[in-house]
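Visitor: I am new to this structure. Please show it to me, and I will ask as we go.

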Amino acid sequence: MTSSPKIAVRELPLFPLPEVVLFPTRPLPLHVFEFRYRIMMNTILESDRRFGVLMVNPINGAIANVGCCAEIIHYQRLEDGRMEILTLGQQRFRVLEYVREKPYRVGLVEWMEENPPALDLRPLATEVEQLLRDVVRLSSKLTDRDIELPEDLPDLPRELSYWIASNLYGVADEQQALLELQDTQARLNREAEILTSTRNHLAARSVLKDTFDDIK
């Protein structure tokens, strides 16, 4: 007798957030104050502690179709009913349809898997990490601040790609595009482009800074 195939579709409570893109393995702290989401969190805490995070475009209100499942790993109830929650990103998903809108959204979702790499991505990951370190070094020099990368920076290519994507601030649309990629190599290549552009911009500013400092 053959076993039934694993079903990769489920209903998932959804939490749309303006300009917030959650990635697998990355933490997301939340301050929950809206009554409907308090209800949602209380319901989730009685089940598997999982819900979906979807990015909302603040300009047109459009909700992304691809998001990341979050698991509650710690929570604190405040006296007035608000909640402080710490979540951790799990699997990515695609919304197939909305099955309920009130008191909060619930979607029928399918899980998204990363495509297996066709080659060893460690050299590419090393290159991207060096670009990241260059950007941090130049940023530290320009701001006269001691900026350092965490000691536990991921060394596996996929996890490194998620870490970098989650730390691209102020570019939610770019983060969303990186989240939707199902190929680690493509994600790292795009991050290499972003970091190279940033590094070149910071290097040019650094030259100007050194020039003006020499004139003084």
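Visitor: Leaving aside neighbours within four places in sequence, which residues is Glu114 in contact with?
Guide: This is a predicted model: local features need pLDDT of at least 70, side-chain atom pairs count only at pLDDT 80 or more, and totals for chains, interfaces and linings use all residues. Residues are numbered from 1 along each chain as its sequence is written, and side-chain values use heavy atoms, with hydrogens and water left out. Contact means heavy atoms within 4.5 Å. By that rule, Glu114 is in contact with Arg92, Arg158, Tyr162, Leu181, Gln182, Asp183, Thr184 and Arg187.

Visitor: Is Glu114 buried or exposed?
Guide: Glu114 lies in the loop between strand 6 and helix 2 (122–143). Helices (H or I, at least four residues) and strands (E, at least two) are DSSP runs, numbered from the N terminus. Buried means under 20% relative accessible area, exposed over 50%, partly exposed in between (1.4 Å probe, protein chains only). Glu114 has 10% relative accessibility, so the residue counts as buried.

Visitor: Which side chain is joined to that of Glu114 by a polar contact of 2.6 Å?
Guide: A polar contact is a pair of N or O atoms within 3.5 Å; within protein, one must be able to donate a hydrogen and the other to accept it, and residues adjacent in sequence count only if both atoms are side-chain atoms. The Glu114 side chain makes one with Tyr162, at 3.5 Å. At 2.6 Å, the partner is Thr184.

Visitor: Which residues are linked with Glu114 in a network of salt bridges?
Guide: A salt bridge is a side-chain nitrogen of Lys or Arg within 4 Å of a carboxyl oxygen of Asp or Glu. By this rule the count comes to 14. The network with Glu114 includes Arg92 and Arg187.

Visitor: How many residues of helix 3 are buried?
Guide: Helix 3 spans residues 157–166 and is mostly covered. Tyr162 is among the buried ones, as is Trp163.

Visitor: What is the N to O distance in the salt bridge of Glu174 and Arg190?
Guide: Their side chains meet in a salt bridge. The pair links distant parts of the chain, Glu174 in helix 4 (residues 172–180) and Arg190 in helix 5 (residues 184–215). The N to O distance is 2.8 Å.

Visitor: Which residue forms a cis peptide bond with Lys102?
Guide: The bond runs from Lys102, with omega near 0°.
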